[in-house]
Amino acid sequence: MLSSSWRGRTTRGLLVLGAAAALVLTGCSSKSTTSGGGSESGTSGGSGALSIQPIGPVDSSGKTLSMGEVAKAADPAGDGKATCAPGTALAFAGAQTGANAALGINISLGAKLAVDKHNKANPNCKVDLKIFDTEGDPQKATSVIPQVLNDKSIIGLVGPAFSGETKATGQILSDNGLAALTSSATNATLSTNNWKTFFRGLANDDVQGTSVGKYLAANYKKVCVVQDDSDYGTGLAKSITAGLGAVADPSCAAGVKTGDKDFSATVTKVAAANPDAVFYSGYYAEGAPFAAQLKSGGVKATFVGPDGVNDPQFLAQAGSAAKGAVLSCPCGPAPDQFEKDYQALNGQKSGVYSVEAYDLATILLKAIDGGKSTRADVLDYVRGYEGDGTGGRHYKWNAQGELTNAVVWIYTVK
């Protein structure tokens with residue numbers, strides 16, 4: 001269940017919303033600027049002791065929800081009596097290097113924790129976790145995913161991590177019958193492709209866009225929406241703009257490119273509109289310097305970012321410009337015991353999607369512990385699965401691979 005300290009914060013609460021080489025493992029409490037993995041160093045400095053703090057969940061109308069007691073979550077350790085064939089494996093596919101590596105590392109380390117707990121408790125069923133680095137690049141993913149599929153020991157996948165790489169590889173995963181449980185790919189159109197193996201472990205961008213857009217519309221009079229050119233950024237921006245309604249100012253709507261670092265033209269455009277808030281639809285690699293340049297350009301509007309920005313690397317790279325930012329995510333905060341276990345194993349704090357990846361890996365491990373030894377058996381197990389997760393999320397999927405009930409959370413940088 002959620003810790004009492006979290007319930008207290010919620011009661012006081014502000015708001016929320018309802019390579020190919022394989023590395024083998026055998027065998028969102030608050031997030032500081034030193035967590036999250038990745039190799040990027042801060043470029044703006046001055047972030048001090050800033051951290052990302054949860055406010056709470058919001059529903060589709062943008063209203064704050066209260067959090068009640070959470071049912072006991074599924075435990076990857078099971079009853080300790082599992083048996084399985086030596087070499088049985090799960091895989092993770094997503095960024096481990098590249099500009100947004102921290103987001104992928106959060107996920108792989110969450111899955112690693114679930115597998116580690118399972119293997120320690122089940123001496124007769126040691127499951128391997130094989131890590132495949134896509135760099136978050138859709139083109140590279142198209143060469144990495146076939147390597148996953150060609151490894152017949154792998155009977156379940158946590159990933160792909162990003163929307164673009166999921167879009168590029170979803171059909172081949174479906175054609176080969178490998179259950180692909182993503183903890184982070186949120187583009188809403190992914191579930192419209194008639195893929196048979198796609199399962200999204202969190203709310204999609206249409207849910208996030210509607211909830212966050214309506215929340216912002218209730219708290220700000222004018223919002224500029226700036227998007228990158230990724231599948232994720234463009235899809236979410238469309239949903240956010242719709243949720244904002246008349247509060248979205250078309251005069252300052254703008255687009256940037258992945259890899260951009262100079263946002264002077266966009267800053268000038270935003271400054272001229274004098275908005276109350278700026279929503280950046282994209283990832284932290286561009287979101288951080290954009291936030292810093294908005295501040296240095298005299299824009300006093302609240303910076304708002306989605307799950308792609310919601311990472312300690314945003315704080316490290318944006319520096320003091322991150323203070324006061326509002327960040328959304330269809331991911332929930334890490335309960336106290338999860339955080340303790342995660343840090344003990346990984347040597348760093350958990351981040352965005354760590355909890356969701358842990359839950360999804362747990363579901364796949366439960367399939368193995370239940371005697372499912374083929375890709376087809378695991379896929380059938382996931383299709384019929386229903387149970388509660390570590391962060392309080394209830395996992396049950398519809399025929400399109402969407403959760404039947406999903407919420408979005410709001411966070412703030414303090």
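This is a predicted model: local features need pLDDT of at least 70, side-chain atom pairs count only at pLDDT 80 or more; totals for chains, interfaces and linings use all residues.
Me: Let's start with strand β6. Is it buried or exposed, and which residues does it span?
Reply: Strand β6 covers residues 154-158 and is mostly covered, with 5 of its 5 residues buried.

Me: Which strands does β6 pair with, and how do they run?
Reply: Strand β4 (residues 89-94) is joined to β6 by 3 bridges, and the two run parallel. Strand β7 (residues 180-182) is joined to β6 by 2 bridges, again parallel. To see this in the model, look at V158: it is the bridge partner of F92, and it also stands opposite L181 in β7.

Me: What do β6 and β7 make together with helix α4?
Reply: With helix α4 (residues 163-175), they make a right-handed β-α-β unit.

Me: Now the rings. How is a pair of aromatic rings described?
Reply: You give the distance of the centres and the angle of the planes. A search of the whole structure turns up 12 aromatic pairs. One of them is F290 with F303, an edge-to-face pair at 6.3 Å centre to centre, with 70 degrees between the planes. That pair links distant parts of the chain: F290 sits in helix α8 (residues 284-296) and F303 in strand β12 (residues 302-305), 13 residues apart. Both F290 and F303 are buried.

Me: What about F338 and Y358?
Reply: They also form an edge-to-face pair, at 5.1 Å centre to centre and 80 degrees between the planes. Here F338 belongs to helix α10 (residues 336-346) and Y358 to helix α11 (residues 354-369), so distant parts of the chain, 20 residues apart, are linked.

Me: Why does F338 count as buried?
Reply: Buried means under 20% relative accessible area. F338 counts as buried because its relative accessibility is 4%. Y358 counts as buried too, because its relative accessibility is 4%.

Me: Which residues do ring pairs link into a cluster?
Reply: Look for F263, Y280, F290, F303 and F314.

Me: Last one: where does D133 lie, and what is the nearest side chain of opposite charge?
Reply: D133 lies in strand β5 (residues 128-133). Although buried, D133 has no salt bridge; K140 is the nearest side chain of opposite charge, 5.0 Å away. A salt bridge needs the atoms within 4 Å.

Me: What does the side chain of D133 reach, then?
Reply: The side chain of D133 reaches the backbone nitrogen of Q96 at 2.8 Å. A polar atom of that side chain also lies 2.9 Å from the backbone nitrogen of E135.

Terms used:
Residues are numbered from 1 along each chain as its sequence is written. Side-chain values use heavy atoms; hydrogens and water are left out. Buried means under 20% relative accessible area, exposed over 50%, partly exposed in between (1.4 Å probe, protein chains only). Helices (H or I, at least four residues) and strands (E, at least two) are DSSP runs, numbered from the N terminus. Two strands pair if DSSP finds at least two bridges between them. A crossover is right-handed if, with the strands pointing away from the viewer, the path from the first strand over the helix to the second runs clockwise. Rings of Phe, Tyr and Trp (its six-membered ring) pair if their centres lie within 6.5 Å; planes under 30 degrees apart count as stacked, over 60 as edge-to-face and the rest as tilted. Lys and Arg count as positive and Asp and Glu as negative; His and the chain ends are not counted. A polar contact is a pair of N or O atoms within 3.5 Å; within protein, one must be able to donate a hydrogen and the other to accept it, and residues adjacent in sequence count only if both atoms are side-chain atoms.
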